[in-house]
Amino acid sequence: MVHSEQLDRSEIMKADVPALEVRGLTKRFDRPAVDSLDLTIRTGEFYALLGPNGAGKTTTLRMVAGLLRPDAGSVSILGIDALADPVAAKQIMAWVSDEPMIYDKLTPLEYLEFVAGLWGVDPSVSETSAHQLLVSLGLEPHLHERCEGFSKGMRQKVALAGALVHDPRLIILDEPLTGLDALSARHVKGLLQERVRSGCTVIMTTHILEVAERMADRIGVIAAGRLVAEGTLTELRQQNGRGDTSLEDMFIALVDAEAAAA
Amino acid sequence: MSSAAALTWFARHEIRLAWREWMAMIAGRRGKRKRAIIALIVFAAVMHLPAYAVIGRFADLEAPLDTPELIVITATIFLAWALMLSQAIESVTRVFYARADLDLLMSSPANLANVFSVRIAAIALSVTGMALLLSTPFVDVLVFSGGARWLSAFGVVIAIGLSAAAVAIAITVALFRLIGPSRTRLVAQIVAAVIGAGFVIALQVAAILSYGTLSRFAVLTSDAVSAYAPDLDSPLWWPARAAIGDGMVLSWLMAGGLLLLGAVMAIFSPRFADTVVRVAATARSVRHGPRATAFRGGSRQQALRTKEFLLLRRDPWLLSQSLMQLLYLVPPALMLWRSFSESSAAIVLITPVIVMAAGQLAGGLAWLTISGEDAADLVATAPLPPSRVIRAKIEVVLISIGVIFAPLIAALAFASMTQAIVTALGVIVATISAAAIQLWFRVQAKRSQFRRRQTSSRLATFAEAFCSIGWAATSALAVTIPIAAVISGALTAGILAVTWKISPQRG
């Protein structure tokens, strides 16, 4: 599935059409959850979206994935207006939530067969890639077992394999490493980096700042539904005038400043 | 804290949990409780009318009863006991498998035998409480029409409630020992589903084979059964005698119920912890799927249909529910078989039974496929319009109902082609109605929440039941009095239209 010919990432990221372009995205529940958010993520980029609990990260990503209807704003995925043509946008995108939603009574292979069928992938292609994905995630001994007895980490890996089996060009992950042990987390991170190297775009929320620090090309910090900082790690340090500080310190300073301003 | 104080404290905790669970079953979300309680009271008041129609004629019964009277009352009490046993088995299974607080209890320094004794008592209390609630309209009718002596029927309900809980615990623990924890859950669900209906169906089968009628009373009041009945002073008649006001027998019965429950608590409470540990040990038991792994091609809707069929096939609830529906179809199937050899007007009764069964099963299937979506996010982010997802899911319901009921309708065609056509139409309309109601009232839920599907919308539950009954009546009338069928059909369509009008999905 992963292209054998690894593409030049800098060329991909220079592409004219961004992987995700969000303009004025707004969603209110009792209070504004996402407040006129503008966000541009380049093709082939690994983007980490950080923020404290309730900052609006998941709401933003759920609107991008088509799971929530925004009150206002636009969402464009690789040039496709996701609100006007959601089916076309969904065809090239995958969503993985922090709570793995899979079917207890299906085996991992049956689950992947179902996902591939939903995305209309040729069975001869999807069968091979399903095997490869499950093996690479360490699930080979469990291919024919029903998921009902799986731990949360195993379920998360099955859900992730499901997201990758149709070869999406944009992968949106909400806290994908929650519940994974160190080895599984390494498998997942490796798989995602491999996808990014092959031209895929990954957007991920995480509370594990070290992961964002190590893996992300760019980092966005969201607080109270607004983007309060964005850039590479170096750029964020420059913006905050803290040359050698850690992402954790910067994140806390940004969130504290935003809370004080509110 | 002393042992007695700890026991009281834990009993209070259990009663609070049982009360809240019961309220959740009745009211769903917290905000609806007041309305749900008012609706329940209104429902209980309305239930007095059918109760009067069913049981009013028995109010004048006085001691001494003759053998056929004793047989009918005893059989009715046994039926109630079987239904309580069915509910109790389900409650006991939940205690073992719904492990929300078991880890906490097992890791605490509390005396586990005491803890589980209280839990057994709580099960008995909830089963008996529910039975008292359901039996109140019937006992009220008997008290108003036949005098205060019928109040002792409440005592009989308590006694059989306690014994049903005790037997349920014994059966479930025995199943653990015989077939192991991993199979017990499914088997217990099937036993619970079948046990309540089994007794009535067995009586109907006996009535059909002996007298060519669906009436259970034909068997119960027959000379053949009376000939086999024990003497009038047999303990078998104690529940019947207690129900009509024999105070001494009632006190023996209640003492017997308490003694049985006490014995079960003494024997099984110390072993409950061991059973829970065994369940926990097998909680991650591995169940394998097929080894053949060739992925199938086809459209996106086909992928959805295949998934739904696979999940339905592997659903333990559906297995037990289908078994029960099939059991209900045994009497009409037997009637059909008899009608080949001898012409019988009673064959008309087959049509409403089949239509009713189809409507009820379709309602459950439609909930499982439409609302019970375990991977809702996945399906919602798939590249196909929601209308096509819904269409594929409804197709699964229609095909499943077709596969189950087509053989019976085909057999009916050999007896009466007209009736077969009417029955087929009734099945189709009842199935579509049930699926439509589930669609209009759909909620996002896990399949495992099926037990509580009624709480998401009581309106949908009642509409589904009334439509099934309405279409069953319409089909029966279409075979016998066609003009009445038009009125009945119009009324049922009216119920459906009103349901749509007030449904949340109307927009």
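The structure is a predicted model.

**The contact between the chains**

In the predicted model, 34 residues of chain A contact 32 residues of chain B. On the side of chain A that touches chain B, helices α3 (86–91), α4 (108–118) and α5 (123–136) of chain A each supply at least two residues. The most is given by α4(A), with eight residues. By type, the residues of this side of chain A comprise 15 nonpolar, ten polar and nine charged.

**A sheet in chain A**

Chain A holds an open sheet of six strands with mixed pairing, in the order β6-β7-β8-β3-β9-β10. Its edges are formed by β6 (93–96) and β10 (226–231) of chain A, each of which pairs on one side only. Direction ignored, neighbouring strands of the sheet are turned by 15° against each other on average. Helix α10 (residues 247–261) of chain A packs on this sheet and touches β3 (46–50), β9 (218–223) and β10 of chain A. The direction of α10(A) makes about 30° with that of β9(A).

Strands of a sheet pair through backbone hydrogen bonds, in either a parallel or an antiparallel manner.

**Two helices of chain A**

Helix α5(A) has 14 residues, which at 1.5 Å a residue should span 20 Å; its end C-alpha atoms are 19 Å apart, in agreement with that expectation. The buried residues of α5(A) are Ser126(A), Glu127(A), Ala130(A), Leu133(A) and Leu134(A). These residues lie on the same side of α5(A), because they cover an arc of only 135° around the axis. In general, an α-helix has 3.6 residues a turn, so residues three or four places apart point the same way. Ser124(A) and Thr128(A), on the other side of α5(A), are exposed. The cover over the buried residues of α5(A) includes α4 and α6 (152–164) of chain A.

Helix α2 (residues 57–64) of chain A is mostly covered, with eight of its eight residues buried. Among them are Lys57(A) and Arg62(A), together with Leu61(A), Met63(A) and Val64(A). The buried residues of α2(A) also include Thr58(A), Thr59(A) and Thr60(A).

**Chain B**

Chain B contains 20 helices and zero strands. It has 507 residues, of which 39% count as buried. Among its contacts between residues at least 6 apart in sequence, 81% join residues at least 24 apart.

Ile15(B) belongs to helix α1 (residues 3–27) of chain B. With 15 other C-beta atoms within 10 Å, Ile15(B) is partly exposed. Ile15(B) and Ala273(B) are 258 residues apart along the chain, and their C-alpha atoms are separated by 20 Å.

Terms used:
Residues numbered from 1 in each chain as written. Chains lettered and ligands numbered in written order. Predicted model: local features only at pLDDT ≥ 70, side-chain atom pairs only at ≥ 80, totals over all residues. Contact = placed C-beta atoms within 7 Å. Helix = DSSP H or I, 4+ residues; strand = E, 2+ residues; numbered from the N terminus. Nonpolar A, V, L, I, M, F, W, Y, C, P; charged D, E, K, R; others polar. Pairing = 2+ DSSP bridges. Axes fitted to C-alpha atoms, helices over the stretch in contact; angles between N-to-C directions. Expected span 1.5 Å × (residues − 1). Buried ≥ 20, exposed ≤ 12 C-beta atoms within 10 Å, placed from the backbone. Arc of directions from axis to C-beta.
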